[in-house]
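Hi everyone, thanks for coming.

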Amino acid sequence: MADLDLVLEELVTANRILAHEGVVDGFGHVTVRHPQRPDRFLMSRARAPDCVELADLMEFTLEGDPVDAKGRKPYLERFIHGAVYEARPEIMSVVHNHSPSTIPFGITSKRLRPLMHMCATIGHEVPVWDIHDKFGDTSLLVTDMDMGRDLAKTLGARPTALMRGHGCVVAAETLRKAVWVSIYLELNANLQMKAMAMGDVTFLSPGEVDAVISRTNAFGIDRGWEYWCRRAARPAGALEID
Ligand code: MN
């Protein structure tokens, strides 16, 4: 079982990486399930991810209640994370972001699908959750558990889902994999828009997606992690801690 201090350090690093790779800007967040308390998760206070420090990290129940806020203000959309952890016991990390290239696939009939081997871990096809279907006119923000659970239902057993006119959610079995999938989700969306502008697109076949997913392991993910840590000026830490 991973040591809490190591997990907290990695969570700071994940925040910085996602900012440096253009997945988050001043907004968006990454969380990790508490390594000793599966009914809790860890998340920064409401702050731009590139600015996140250890002292910003807070503990939450899966319902999104802070365990000891110490005056810190939490992110409004923490319910996205709690609802996914509640629905998916195997999930150890969740990312919510507004990465720009994903947005068009939530507001058109074009579905986001993997078209490059590195991107297969985004899943066979990325579903779209439309908050308007159940909640009508809103600010589009996921501000309570009802909304979070509805989004988690669309996500189902998948690694990714888009949120119409808003962004996306990524769920993974490790923090490093959640970062990986988030980065390659943005890349795939960017490439798919370019490819569609050129003509008909040959996507990965379902069997190819499965083949890539089955060979994506901690060794490969750590290689990406080490690279992203260097770019974000963070120590890579012990590899394969998860
Ligand atoms: Mn958001």
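Before we go in, one term: a residue is called buried when its relative accessible area is under 20%, and exposed when over 50%, with partly exposed in between. Also, please keep in mind that this is a predicted model.

Let's begin at the metal. Which residues donate to the manganese ion? They are Glu77 through OE, and His96, His98 and His166, each through NE2, at 2.1 to 2.2 Å from the ion. Along the chain these donors follow the spacing E-x18-H-x1-H-x67-H. Now, is His96 buried or exposed? With a relative accessible area of 0%, His96 is buried. His98, on the other hand, has 28% relative accessibility, so it counts as partly exposed.

On to the sheet. It is an open one of seven strands with mixed pairing, and the order runs E3-E2-E1-E4-E7-E6-E5. Strands E3 (57-61) and E5 (128-129) are at the edges; each has a single partner strand, so one side of each lacks a neighbour in the sheet. Further in, E1 (residues 29-33) pairs with E4 (residues 93-97) in the antiparallel sense over four bridges. For instance, Thr31 has Val94 as its bridge partner in E4.

Last, the helices H1 and H8. Helix H1 (residues 4-20) packs with helix H8 (residues 218-231) at about 75 degrees, their axes 9 Å apart. That angle makes H1 roughly perpendicular to H8. H1 brings Glu10, Thr13, Ala14, Ile17 and His20 to the contact, while H8 brings Trp225, Trp228, Cys229 and Arg231. By class, that contact has five nonpolar, two polar and two charged residues.

Thanks, happy to take questions!

Methods:
Residues are numbered from 1 along each chain as its sequence is written. This is a predicted model: local features need pLDDT of at least 70, side-chain atom pairs count only at pLDDT 80 or more; totals for chains, interfaces and linings use all residues. Side-chain values use heavy atoms; hydrogens and water are left out. Axes are lines fitted to C-alpha atoms, for helices over the stretch in contact, and angles run from 0 to 180 degrees between N-to-C directions. Helices (H or I, at least four residues) and strands (E, at least two) are DSSP runs, numbered from the N terminus. Angles under 35 degrees count as roughly parallel, over 145 as roughly antiparallel, 65 to 115 as roughly perpendicular and the rest as oblique. Contact means heavy atoms within 4.5 Å. Ala, Val, Leu, Ile, Met, Phe, Trp, Tyr, Cys and Pro count as nonpolar, Asp, Glu, Lys and Arg as charged, and the others, Gly among them, as polar. Two strands pair if DSSP finds at least two bridges between them. Donors are N, O and S atoms within 2.8 Å of the metal (3.2 Å for Na, K and Ca); water is not among the atoms, so sites may look incomplete. Buried means under 20% relative accessible area, exposed over 50%, partly exposed in between (1.4 Å probe, protein chains only).
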